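Let's take a walk through a protein model together. Keep the picture open beside you and find each spot as we reach it.

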Amino acid sequence: MKSEERLSLLLHDLRTPLSAMRLTADLIAEDGLNDRQAQRMDLMVGAIDALLDLTRELEPTSGDDGEGRSTGDPHAPEARAQDGARLIRDVVALFQARADQQDVAIAVDEGRDAVRLNGSLSRVLRRTVSVLLDNALNYAGSGDVHVSVAVVAKADEQRDLSGDAAFLQVIVRDHGPGVEPGLGDGLFKPYVRGGLSAERAGGQGLGLYGARTLLWEHGGELSYRAPVDGSGAVFEVSVPLAPENLVPVVCDLAAAEDISRGCGHVMIIDDNGPNRQLLSAVLQSFAHSCDVVGEVETALTLLDQRSYDGFIVDLHMPGGNGIAFAHALKTLEGLNTPPVLLVTAGSETFSEDTCREAGITAIVRKPVDPAILYEATEVVRTYRERIREGVL
């Protein structure tokens with residue numbers, strides 16, 4: 001039997017139990033889980049899906065697997081793009097339990113630029129960040145780990161992303177004993193372990209070599225630099241971005257005269273263009289004025305500049321989510337927080353405690369029914385009336 005045939009059989013045998021685990025996890029979730037159990041289930045499902053993707057990528061065939069997924073060729077067609085910030089969050093979540101056991105905090109700074117990565121590139125980035133976090137926790141000791149994500153321009157690192165010279169930059173830093181002096185680029189050779197506590201950490205010394213090689217195949221780079229303060233190690237990942245990878249910031253603000261004569265001024269926060277257009281059109285038919293934004297960071301910035309009678313926010317978005325926004329709004333506004341309507345898929349459930357703690361007034365299911373939305377936005381009219389009466 002040829003080596004490629006042996007690998008195909010092995011991958012097939014791996015997919016069988018993984019698929020069974022995935023189905024079992026879905027069945028368990030249908031029985032109802034509390035918030036903590038649901039979070040752990042999401043983590044397990046994410047790990048299973050990542051392994052299934054890996055088995056498809058390793059399949060020793062060319063082109064795609066019939067479903068648009070790459071099987072190793074970086075130029076093969078991809079089924080779907082993935083949000084870069086969410087990918088990083090998912091990878092960090094896989095290591096969170098281990099970090100908690102080691103009493104190590106993993107801090108993530110996502111930046112504010114949303115990017116979309118094709119399936120092949122997203123798998124390479126996932127694998128690279130996994131290697132870096134695994135190493136960071138191996139060598140971190142009692143120090144924390146910091147992950148930062150940003151989009152930078154190639155030429156002068158200014159934030160002009162209108163051209164095609166942008167890169168997604170991911171930096172992972174630990175505060176462990178650091179790398180042996182003078183080793184530098186030698187870290188990326190096979191079977192090299194460069195940490196000052198390498199014997200204790202274990203491993204074969206192939207992780208960095210493999211990650212860098214795969215990044216090179218996609219036009220990316222993985223590099224090491226000594227931290228300025230001499231503590232720990234800093235690894236930097238650079239992935240080239242085409243213009244279509246960059247998601248423009250959406251911010252469409254209502255005119256002052258529309259706000260003054262409306263029944264209520266509402267901010268719509270949703271990263272999906274058709275959803276934004278639908279919600280805006282329906283709300284304007286209810287005589288509400290609307291500010292429309294595409295991500296949470298922009299929404300939080302506008303809170304210092306404009307006043308609102310209510311918010312309609314999608315649950316899942318790059319760089320943040322509806323519940324996180326509601327928590328942030330409640331912290332800023334206190335007792336006078338305007339009503340928050342959370343828009344989400346019908347299959348998702350939330351406990352009353354979760355909604356109450358976040359300050360969520362109501363949940364609107366997709367596809368949005370205008371009649372239900374009208375009833376839900378009555379709280380916006382009430383809030384505007386109380387403002388005008390001086391009650392709030």
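**A walk through the fold**

At 0% relative accessibility, Gly264 counts as buried. Before going further, keep in mind that what you have here is a predicted model. You can find Gly264 in strand 10, which covers residues 264-269. Which residues does Gly264 touch, once those up to four places away in sequence are left out? They are Ala287, His288, Ser289, Asp309, Val380 and Arg384. Now look for Val379: 115 residues separate Gly264 and Val379 in sequence, yet their C-alpha atoms are 9.6 Å apart in space.

Let's zoom out for a moment. The chain has 392 residues, and 42% of them count as buried.

Ala287 lies in the loop between helix 8 (273-285) and strand 11 (288-293). Its relative accessibility is 37%, so Ala287 counts as partly exposed. Ala287 also has a positive phi, about 75°, although it is not a glycine. Why point that out? Most residues other than glycine have a negative phi.

Asp103 has a positive phi too, near 60°, and is likewise a residue other than glycine. Look for Asp103 in the loop between helix 3 (84-101) and strand 2 (106-109). Is Asp103 buried or exposed? With a relative accessibility of 64%, Asp103 counts as exposed.

Pro367 sits in the loop between strand 16 (362-366) and helix 12 (370-376). The peptide bond joining Lys366 and Pro367 is cis, with omega about -10°. As a general point, most peptide bonds are trans.

Next, the helices. Start with helix 3 and helix 4, whose axes are 10 Å apart and which pack at an angle of about 30°. An angle under 35 degrees counts as roughly parallel, and helix 3 and helix 4 are therefore roughly parallel to each other. Their crossing is right-handed. Who meets whom? On the helix 3 side you'll find Leu87, Ile88, Asp90, Val91, Val92, Phe95, Arg98 and Ala99. These meet Ser122, Leu125, Arg126, Val129, Ser130, Leu133, Asp134, Leu137 and Asn138 in helix 4. Sorted by class, this contact has 10 nonpolar, 3 polar and 4 charged residues.

Helix 4 (residues 119-139) also packs with helix 6 (residues 207-217): their axes come within 9 Å and cross at roughly 155°. Angles over 145 degrees count as roughly antiparallel, and helix 4 and helix 6 are therefore roughly antiparallel to each other. The crossing of helix 4 and helix 6 is left-handed. From helix 4, the contact uses Val124, Arg127, Thr128, Val131, Leu132 and Asn135. From helix 6 come Gly207, Leu208, Ala211, Leu214 and Leu215. The residues of this contact divide into 7 nonpolar, 3 polar and 1 charged.

Now make your way to helix 9 (residues 296-302), where you'll find Leu302. Leu302 has a relative accessibility of 4% and so counts as buried. Setting aside neighbours within four places in sequence, Leu302 is in contact with Cys251, Leu253, Met267, Val293 and Tyr308. Leu302 and Met267 are 35 residues apart in sequence, and their C-alpha atoms are 9.6 Å apart in space.

One of those contacts of Leu302, Cys251, leads us to the cysteines. Cys251 is partly exposed, with a relative accessible area of 40%. Cys355 is buried, with a relative accessible area of 12%. How many disulfides are there? Counting pairs of cysteine sulfur atoms within 2.5 Å, the total comes to 0 disulfides.

Our last stop is Asp49, in helix 2 (residues 35-58). Asp49 is partly exposed, with a relative accessible area of 26%. Look across to Arg22: Asp49 and Arg22 are 27 residues apart along the chain, and 7.7 Å separates their C-alpha atoms.

Key
Residues numbered from 1 in each chain as written. Predicted model: local features only at pLDDT ≥ 70, side-chain atom pairs only at ≥ 80, totals over all residues. Heavy atoms only, no water. Axes fitted to C-alpha atoms, helices over the stretch in contact; angles between N-to-C directions. Helix = DSSP H or I, 4+ residues; strand = E, 2+ residues; numbered from the N terminus. Parallel < 35°, antiparallel > 145°, perpendicular 65-115°, else oblique. Left-handed = near helix turned anticlockwise from the far one by under 90°. Contact = heavy atoms within 4.5 Å. Nonpolar A, V, L, I, M, F, W, Y, C, P; charged D, E, K, R; others polar. Buried < 20%, exposed > 50% of the residue type's maximum accessible area, 1.4 Å probe, protein only.
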